[in-house]
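Please read the points below with the sequence and the structure open side by side.

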Amino acid sequence: MDIRRIEENDEDSVHLVLEGSLDRLQRLEQLFKSGQLKEILGITVDDVQLTLPVKEQAVVPTEVLVNLSQWLQNVVNDIWKTVQEVLDEQRLELILGSRSVSSNAMLKAQQVVLGMSPNSHSLALVVAVSQKPNQEMDICLQVHPIGSKNLPYSLKFVAIDTISAKTIVEDQAGNYREWIQLNLNGKPGEEFNIKIELGDASVTQNFII
């Protein structure tokens, strides 16, 4: 990560413009929101804002097929983090307290940036996987806001069968929704994808059970 330029706004503040990989910049933003980032180069940090290139609409590796069976064997790609790393401890307690997620589930999250700067929305895709006695898996998928309490009103969350291309289940944020959720179950080898949509912007993530 490099300092691209330094802008002196007034006698009491300095604007640092940093340039680097999106993953590192998102991590910097998250550290600030969690209260862990208090200064850079001896300068007190009052605010951190992530600005994406104009053409960048979303951050989710749509070409990656996420194998949920491997998650239960603790084989998880590095792009998936703990909920505390993407959101915070309070949001984790909210997720577990809702009883939507089993206490023994493998729980992972990934940050998604939806829309174009300066009107982009930072979201977290949370996935919980647990094994059922009949070899099927329970899968709970949630979308949470990052940096705000509620989701955008028109945000849609859809699960689609990969083979038939038919919608399995969907949810929409509406008024004052702190998260939206899809519940699925399936057998190893079955594939599905999820789509998060807001206006003309959307992201897709592919899964195999």
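1. A residue is called buried when its relative accessible area is under 20%, exposed when that area is over 50%, and partly exposed in between. The model shown here is a predicted one, and the terms just given are used for the residues in several of the points that follow.

2. Is Gln111 buried or exposed? Its relative accessible area is 11%, and because the cut-off for buried is under 20%, Gln111 counts as buried. This residue belongs to strand S6, which covers residues 106-114.

3. Ile79 may be looked at together with Gln111. With C-alpha atoms 8.9 Å apart in space, Ile79 and Gln111 are separated by 32 residues in sequence. Ile79 sits in the loop that runs between helix H2 (68-71) and helix H3 (83-86), whereas Gln111 is found in a strand, S6. The relative accessibility of Ile79 is 32%, so this residue counts as partly exposed, while Gln111 is buried.

4. For the chain as a whole, the model has four helices and 13 strands. The chain has 209 residues, and 41% of them count as buried.

5. Which value does phi take in Gln135? The angle is near 75°, which is a positive value in a residue other than glycine. Gln135 is placed in the loop that connects strand S7 (121-131) with strand S8 (137-145). With a relative accessibility of 55%, Gln135 is over the 50% cut-off and therefore counts as exposed.

6. Ala165 deserves a reading of its own. Here phi is near 65°, again a positive value in a residue that is not glycine. The residue lies in the loop between strand S9 (156-161) and strand S10 (167-172). Why does Ala165 count as exposed? The relative accessible area of Ala165 is 58%, and because exposed means over 50%, the residue falls under that term.

Conventions
Residues numbered from 1 in each chain as written. Predicted model: local features only at pLDDT ≥ 70, side-chain atom pairs only at ≥ 80, totals over all residues. Heavy atoms only, no water. Helix = DSSP H or I, 4+ residues; strand = E, 2+ residues; numbered from the N terminus. Buried < 20%, exposed > 50% of the residue type's maximum accessible area, 1.4 Å probe, protein only.
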